[in-house]
Amino acid sequence: MSEICGLVVHRNRVVISGATGFVGKNTGRFLARNGFDVVALARKGRTDFGKTLKTQDLTEKNLVRHLKGSTAFLHLIGTGRQTAENDYETVNVNLTKNAVALCKRAGIGKIVYLSGLGVNKKSTLGYFISKFKAEQEIIHSGLDYTIFRPSYIIGRGDQLSRTLSSQIYHHGVVVIPGSGKYRLQPIFVYDVAQVIMKAISGRQFSRKIIDLVGLQTVTYNRFVRDLVGKAKIKHVDFEKSYHDALVSASSPFGVDDLSILVGNYVGNHRKLASLSRIAFTGYDKMLEACSLS
Ligand SMILES: NC(=O)c1ccc[n+]([C@@H]2O[C@H](COP(=O)([O-])OP(=O)(O)OC[C@H]3O[C@@H](n4cnc5c(N)ncnc54)[C@H](OP(=O)(O)O)[C@@H]3O)[C@@H](O)[C@H]2O)c1
């Protein structure tokens, strides 16, 4: 702890919103293990790392005094499937506005945000539009920022592996929508935590938007085959998958999940590697760590 112009600065304190989620938990534990004083923000439950503070929408007045002078704010609240109560504008855009305002009130100078691979100004997909608008809030906030655009983040309990394992459990078969030839560039959650730790402290990440993608690009066909081992796989006509996504809440994919999946989004791993200088986990090792292996 040190004092600059009367403001107490906790050089090692990091605040995480969305700390109960998949990335939040893994990153929070990693930062805590690496000597960071982690403050986890959650609307319900508590975390097994750092100190947990309750918040519904990041606007509660009492939060400020607990967060004052923290080094960085890791904004991990987000949703990829909207409902009437939790639509993209409410969760992805408005809670990002609230995160920015909270940083300013608490004197936190740096915000790290996870957007999405494929986000750009011209996108017509609701999810990408909300992530783009959230990025703009951060870019124009006057805060120092690092915005990551992740491909699928993989590790024990990740969303994609859970979707596949639930298909096996309920139907005994994994469905591949359409040809399955579209690509993804998965990244291991432990690597994500390491990169985020670098972004919190390294000037090289300052005011940048960076793809958060793994070493290797794979087709969905290959990814599913590698992940599910001997489980049965069935190709389903894309039109049918899309219709199921539209009409059924129990469809493995929502309409936007499906659009992102077949979107063939790959990114610039080289830039991430040169900025972070970490040893990235290879594709096979990453899969070993997943829940299905
Ligand atoms: N995982 C990926 O592969 C991936 C890829 C691209 C982008 N991202 C982005 O990375 C961020 C973290 O992803 P994740 O995989 O950790 O997601 P996650 O597991 O779904 O966690 C989302 C977090 O956001 C919180 N949250 C959701 N809606 C909220 C609301 N209305 N009010 C307050 N909190 C709310 C959740 O709280 P509860 O626990 O209370 O529900 C949870 O802590 C998200 O912004 C996501 O869009 C992730």
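Q: In which hand does α1 pass α6?
A: In this predicted model, α1 and helix α6, residues 189-201, pack with their axes 9 Å apart. The crossing in which α1 passes α6 is right-handed.

Q: Are α1 and α6 roughly parallel, roughly perpendicular or oblique to each other?
A: The two helices pack at an angle of about 60 degrees. Roughly perpendicular covers 65 to 115 degrees, and roughly parallel covers angles under 35 degrees. The pair α1 and α6 is therefore oblique.

Q: How is α5 oriented relative to α7?
A: Helix α5 spans residues 159-171 and helix α7 spans residues 220-228. Their axes lie 11 Å apart, at an angle of about 65 degrees. The range for roughly perpendicular is 65 to 115 degrees. So α5 is, relative to α7, roughly perpendicular.

Q: In which hand does α5 pass α7?
A: The packing angle of α5 and α7 is about 65 degrees. As α5 passes α7, the crossing is right-handed.

Q: Which residue has a side-chain N or O atom 2.9 Å from an oxygen atom of the ligand?
A: F22 also places an N or O atom 2.9 Å from a ligand oxygen, but that atom belongs to the backbone. I77 likewise uses a backbone N or O atom, at 3.5 Å from an oxygen atom of the ligand. The side-chain atom belongs to K131.

Q: How much of the ligand's exposed area does the protein bury?
A: Taken alone, the ligand exposes 890 Å². The share of that area buried by the protein is 79%.

Definitions and conventions. Residues are numbered from 1 along each chain as its sequence is written. This is a predicted model: local features need pLDDT of at least 70, side-chain atom pairs count only at pLDDT 80 or more; totals for chains, interfaces and linings use all residues. Side-chain values use heavy atoms; hydrogens and water are left out. A polar contact is a pair of N or O atoms within 3.5 Å; within protein, one must be able to donate a hydrogen and the other to accept it, and residues adjacent in sequence count only if both atoms are side-chain atoms. Accessible areas come from the Shrake-Rupley method with a 1.4 Å probe; for residues, only the protein chains shown count as cover. Axes are lines fitted to C-alpha atoms, for helices over the stretch in contact, and angles run from 0 to 180 degrees between N-to-C directions. Helices (H or I, at least four residues) and strands (E, at least two) are DSSP runs, numbered from the N terminus. Angles under 35 degrees count as roughly parallel, over 145 as roughly antiparallel, 65 to 115 as roughly perpendicular and the rest as oblique. A crossing is left-handed if the near helix is turned anticlockwise from the far one by less than a right angle, and right-handed if clockwise.
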